[in-house]
Amino acid sequence: MTHPTDPFAHAQNTAHAWLNVIADRLGTQDRHYTYRVLRAWLHLVRDRLTVDSAVHLGAQLPELLRGIYFEGWAPSRVPARYDACLLYTSPSPRDLSTSR
């Protein structure tokens with residue numbers, strides 16, 4: 001039986017494949033931007049689901065993306081409720097310039 005030299009190679013390749021598809025759909029080659037969009041979307045969805053639903057969705061994700069999905073999660077604070085009017089307000093320039 002042979003063992004791969006990098007035990008994380010499959011997880012890394014799967015994450016790269018996801019990023020490639022998302023970058024293509026976004027029409028960009030900027031992988032950092034694509035990663036930030038994916039991370040923000042995963043957290044946005046996760047925080048609006050019940051704990052059971054969030055865990056169920058997380059279990060379906062590839063390994064590395066699952067880690068991103070659960071990063072910083074506080075199950076005691078979900079689901080987050082948002083006012084619909086917030087969807088139509090523009091972010092401030094300060095909000096756009098701050099990134100993690």
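This is a predicted model: local features need pLDDT of at least 70, side-chain atom pairs count only at pLDDT 80 or more; totals for chains, interfaces and linings use all residues.

Modeller: Let's start with Y69, which has a relative accessibility of 0% and so counts as buried, the cut-off being under 20%. Its ring pairs with that of F70: the centres are 4.9 Å apart and the planes sit at 80°, so this is an edge-to-face pair. F70 also pairs with W73, but here the arrangement is tilted, at 5.4 Å centre to centre and 55° between the planes. Those are the two aromatic pairs that the structure holds, and Y69, F70 and W73 together make one aromatic cluster.

W73 comes out at 17% relative accessible area, so it still falls on the buried side of the 20% cut-off. F70, at 27%, is partly exposed.

Now for the surroundings. Y69 and W73 both belong to the largest nonpolar core, which has twelve residues, among them A15, L38, L42, A54 and L65. Helices α1 (9-26), α2 and α4 (63-70) each give two or more residues to this core. From A15, setting aside neighbours within four places in sequence, the contacts are L64 and L65.

The other residue to look at here is R46, in helix α2 (residues 31-48). Beyond four places in sequence, R46 touches Y69, F70 and W73, along with A54, E71 and G72.

Definitions and conventions:
Residues are numbered from 1 along each chain as its sequence is written. Side-chain values use heavy atoms; hydrogens and water are left out. Helices (H or I, at least four residues) and strands (E, at least two) are DSSP runs, numbered from the N terminus. Contact means heavy atoms within 4.5 Å. A nonpolar core is a set of buried Ala, Val, Leu, Ile, Met, Phe, Trp, Tyr and Cys residues joined through side-chain atoms within 4.5 Å. Buried means under 20% relative accessible area, exposed over 50%, partly exposed in between (1.4 Å probe, protein chains only). Rings of Phe, Tyr and Trp (its six-membered ring) pair if their centres lie within 6.5 Å; planes under 30 degrees apart count as stacked, over 60 as edge-to-face and the rest as tilted.
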